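Thank you all for making the time this morning. I would like to walk you through one model, beginning with a pair of helices and then turning to a sheet.

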Amino acid sequence: MTASQPPEHRPGSEPGRHNLDPHLDRYAARTAGMTASEIRALFAVASRPEVVSLAGGMPNLAALPLDSLSTQMAELISEDGLVALQYGSAHGVPALREQICEIMAMEGISAHPDDVVVTVGSQMGLDMVTRLFCDPGDVVIAEGPSYVGALGSFAAYQAKVVHVAMDDNGLIPQALREALAHAEKQGRRVKFLYTIPNFHNPAGVTLAVERRAEIVEICAQHGVLVVEDNPYGLLAFDGQTYPALRSLDPDNVVYLGSFSKTFASGLRVGWVLAPHAVREKLVLAAESATLCPPTLNQLVVSRYLETHDWKGQIKTFRENYRERRDAMLSALEQHLPEGSSWTHPDGGFYVWVTVPEGVDTKAMLPRAVTARVAYASGTGFYADGFGSRQMRLSYCYPTPERIREGVRRLAGVLESEMELMRTFGSVQTRTVSGPQFPGPDTA
Ligand SMILES: Cc1ncc(COP(=O)(O)O)c(C=O)c1O
């Protein structure tokens, strides 16, 4: 891309917007993939109290022990403030890295604290891993659908995403084999498989245990790294944990973890566990991005793990989310029109819904918001424009009553959409869009 191209073809340009941005000629070519979520504009409306938002992925923090946390933070500053408020190392606080290893052991991972790099949320881990491995045009294989924030990072580094299908048991090994063979036949370099094995965002499904070794083996055979993103792994409704892919092949799996869903998303503390050889480059990448992750926040997490019953707290989160999941599934059963289907998550935050044929969830969204319910339309979770018949519904944040009311409203909108289709033929405006960056409410 060069500055001599017409404005509408320059990076970062959007049709009809090229007169608005005086910096358009200056952007780097890689900004071309950075497009704001089209639903972000709706969030101002969707966050009004009268709208039931089933769109966001915000954890429900109401159950946190705020009083004891605030006492603890005050103590931290008075006792250790000169360390807590100072720069630290890009690698992360050593005591926290040790505690992280204990947490990962719950999923069968045996790791050395030196191989853990603390990040500003696992989103930063995703960004760094993509930065380390992807040149423009390299292929990243990801489940279809996939996490919108990951698609945003891949687009920012101009990687090409190839989606691989899932079923109720997660990523389909044979589909992965075929995607790899196809890419190889085309002479394309596949850099890694990006996968969310547990309580997938947005699909809500979990990778079957018997598929895990097979997937790791396929990637090793093809010389492709695995990037395992696991923020929801400890949120199984029955308390079960699954063997991490990382535990099956430590030399070929980069593991991303986070305290966002099991403690507090606003602290922005996550981590990367990398194969030893990759760790040094990760630390350098982290240093150039942020110098170091926030020392105060790392110490808050570390003290919390040391002094609170954090496993009991996760159990409380799980119970809250299970109650909400149950409310959503029974409301979907009760209200959604024939021709709809949805996944049945055993943990995590999300249900992935397929609506009756002919309905376009992206086109329908403004009408849903007018009817005071919001969801995340499926197209944002694909890099290639698929997903117009799907939507992600989150049950993590609203109360069970609000969830039931939201689903009832959604069903009403679907019924009117279908009524219009019966009367006038299709109302869908087929939408093909690239990856969208998440708003703070859509992660
Ligand atoms: C699959 C997945 N990966 C990564 C993230 C980012 O999490 P963090 O808050 O740790 O940056 C999210 C957040 O929703 C997520 O769902």
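This is a predicted model: local features need pLDDT of at least 70, side-chain atom pairs count only at pLDDT 80 or more; totals for chains, interfaces and linings use all residues.

Helix α13, residues 361-370, and helix α14, residues 400-424, have axes that come within 10 Å and cross at roughly 125°, where axes are lines fitted to C-alpha atoms, for helices over the stretch in contact, and angles run from 0 to 180 degrees between N-to-C directions. That makes α13 oblique to α14, since angles under 35 degrees count as roughly parallel, over 145 as roughly antiparallel, 65 to 115 as roughly perpendicular and the rest as oblique. Helices here are DSSP runs of H or I with at least four residues, and strands are runs of E with at least two, numbered from the N terminus.

On the α13 side, M364, R367 and A368 meet L410, V413 and E417 of α14, contact being defined as C-beta atoms, placed from the backbone, within 7 Å. Those residues divide into four nonpolar, no polar and two charged; Ala, Val, Leu, Ile, Met, Phe, Trp, Tyr, Cys and Pro count as nonpolar, Asp, Glu, Lys and Arg as charged, and the others, Gly among them, as polar.

Residues are numbered from 1 along each chain as its sequence is written.

Turning to the sheet, eight strands form an open, mixed arrangement in the order β2-β9-β8-β7-β6-β3-β4-β5, pairing meaning at least two DSSP bridges between two strands. Its edge strands are β2 (116-119) and β5 (170-171). Four bridges join β2 to the antiparallel β9, residues 270-273, with V117 opposite V272.

Methods: Two residues are in contact if their C-beta atoms, placed from the backbone, lie within 7 Å.
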